[in-house]
Amino acid sequence: MLGPRPTVAGPAEADHAPLTAPGATRAMEAVLERVLEARLRQARDTDAVFGLEMADRLAAFVRRGGKRLRTAFVWCGWRAAGGSGDASAVLRTGAALELLQACALIHDDVMDGSPLRRGAPAMHVDFAHGHRAGRTGGSAESFGTSAAVLAGDLALAWADDLLTETALASPHGPRLFEEWRAMRTEMVAGQYRDLRAQASGSSGAEEALTIAVLKSARYTVARPLALGASLAGADARTLGALRAAGRCAGLAFQLRDDLLGAFGDPALTGKPADEDLRSRKLTPLLAVAVRLAEATGDRDAAAVLAPDADARPGHTVERMRAALERTGARAEVEARITDLAESGLRHFEATGAAPGVRREFAALVERASGVAPRQADELV
């Protein structure tokens, strides 16, 4: 049951919310755990085998967590739009986002053939291991892929159920659901554009940016901010500022993820460090490197970064990393991350959010982007 409906205060009022962004994230974890327990009971009542082998695996995956940034951005959007008082709907929306993220990651790992996620075998790999251990017939890989698709579908169903329940209990439910519906469509569109770019061997900067915006910038930051603001009945001006802030901060997050995908430590990221490079996945980082290689006449870099380079002998991940460094792509992307993070802070300040909320948003942007952007009042 939800508590009393949240009250709405002016965005410039004193910052006396009962929760901070980190506190909201911790409180969301408790809400998420209650939701998972309820869904697991339902799954076990539906079918014991399904509950044990599918629902329990999914719940374990969700519990392994991640950055949990989306809940914190929902909270920031709610507070920036004047939200205060009971934050139950905010926390439940954050929990729904975590379930949606589980769906996205499970399906993404299937499509990319990723072996590792959150420091453990990816869902399709785990199911394949279970198939082999059970000495059952047929292809373990095919079984693992099919079962993982179903697990992702189940995560999506749980997410939609929770968001719908939250929307029905909120006076701002229609607006909340409209943001949610748009976000789900954008997420699928971004994933399809990503698949299409890999199939076509694209290396275009514009296409890379489109994919980054659809798959990450809107989904990770812009829509969570708007979801939170919707729960506070935000006006058009506030929503516009939040969407602009979210697009900038979200792109900074994606660019950092691209760099980690090429140069990161798997022990820290929980996923392989060379996967994007081996697959020649179209990212803004790769597109920048190809552009710079062509502009400077660096034929070796252009060749090693080309979409069809995996068909040629001797083209290794180490040479690709060297090309990203030598062309200046890594440095250019690092500078772009800082610019985007600072632009995000400027747009967020335009909401009129209280100083404490602005500081928390800045801290979140630093977590997401890996840089400490200067505060808006330092940029004048």
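At the start of helix H1, a side-chain oxygen of Thr20 comes within 3.0 Å of the backbone nitrogen of Gly23, a polar contact (a pair of N or O atoms within 3.5 Å; within protein, one must be able to donate a hydrogen and the other to accept it, and residues adjacent in sequence count only if both atoms are side-chain atoms). Keep in mind that this is a predicted model, where local features need pLDDT of at least 70 and side-chain atom pairs count only at pLDDT 80 or more, while totals for chains, interfaces and linings use all residues. Residues are numbered from 1 along each chain as its sequence is written, and side-chain values use heavy atoms, with hydrogens and water left out.

**The overall picture**

- The protein has 16 helices and four strands; helices (H or I, at least four residues) and strands (E, at least two) are DSSP runs, numbered from the N terminus.
- Of the 380 residues, 52% are buried, where buried means under 20% relative accessible area, exposed over 50% and partly exposed in between (1.4 Å probe, protein chains only).
- Take the contacts (heavy atoms within 4.5 Å) between residues at least 6 apart in sequence: 76% of them join residues at least 24 apart.

- H1 has 26 residues and runs 37 Å from its first C-alpha to its last, close to the 38 Å expected at 1.5 Å a residue; the expected span of a helix is 1.5 Å times one less than its number of residues.
- Its buried residues include Ala21, Met28, Leu32, Leu36, Arg39 and Ala43, and the buried set of H1 packs against H2, H3, H4, H6 and H16.
- The axes of H1 (residues 21-46) and H2 (residues 48-63) come within 8 Å and cross at roughly 165 degrees; axes are lines fitted to C-alpha atoms, for helices over the stretch in contact, and angles run from 0 to 180 degrees between N-to-C directions.
- H1 and H2 are therefore roughly antiparallel to each other, going by cut-offs of under 35 degrees for roughly parallel, over 145 for roughly antiparallel, 65 to 115 for roughly perpendicular and oblique for the rest.
- H1 passes H2 in a right-handed crossing; a crossing is left-handed if the near helix is turned anticlockwise from the far one by less than a right angle, and right-handed if clockwise.
- On the H1 side, the residues that meet H2 include Leu32, Glu33, Leu36 and Leu40; on the H2 side, Phe50, Ala55 and Val62 are among them.

- Glu98 sits in helix H4 (residues 88-112) and counts as buried at 3% relative accessibility.
- Leaving aside neighbours within four places in sequence, Glu98 is in contact with Met28, Leu32, Arg68, Thr71 and Arg118.
- Arg68 lies in the loop between H2 and H3 and is buried too, with a relative accessible area of 6%.
- Phi of Arg68 is near 55 degrees, a positive value in a residue other than glycine.

**Along H6**

- Ser139 caps the N-terminal end of H6, with a side-chain oxygen 3.3 Å from the backbone nitrogen of Glu141.
- Ala151, in H6, is buried at 0% relative accessibility.
- Not counting residues up to four places away in sequence, Ala151 touches Met54, Leu58, Ile106, Met123 and Phe127.
- Ala151 and His107 are 44 residues apart in sequence but 8.8 Å apart in space, C-alpha to C-alpha.
- Leu163, also in H6, is buried with a relative accessible area of 0%.
- With residues up to four places away in sequence left out, Leu163 touches Thr93, Ala96, Leu176, Phe177 and Trp180.

- H8 and H9 pack at about 135 degrees with their axes 7 Å apart, which makes H8 oblique to H9.
- H8 passes H9 in a right-handed crossing.
- Residues of H8 that meet H9 include Leu209, Val213, Thr220 and Leu225; their H9 counterparts include Leu239, Gly246, Leu251 and Phe253.
- H15 (residues 329-349) has 21 residues that should span 30 Å at 1.5 Å a residue, and its end C-alpha atoms are 30 Å apart, which agrees.
- The buried residues of H15, among them Val333, Ile337, Glu342 and Phe348, pack against H3, H8, H9, H12, H14 and H16.
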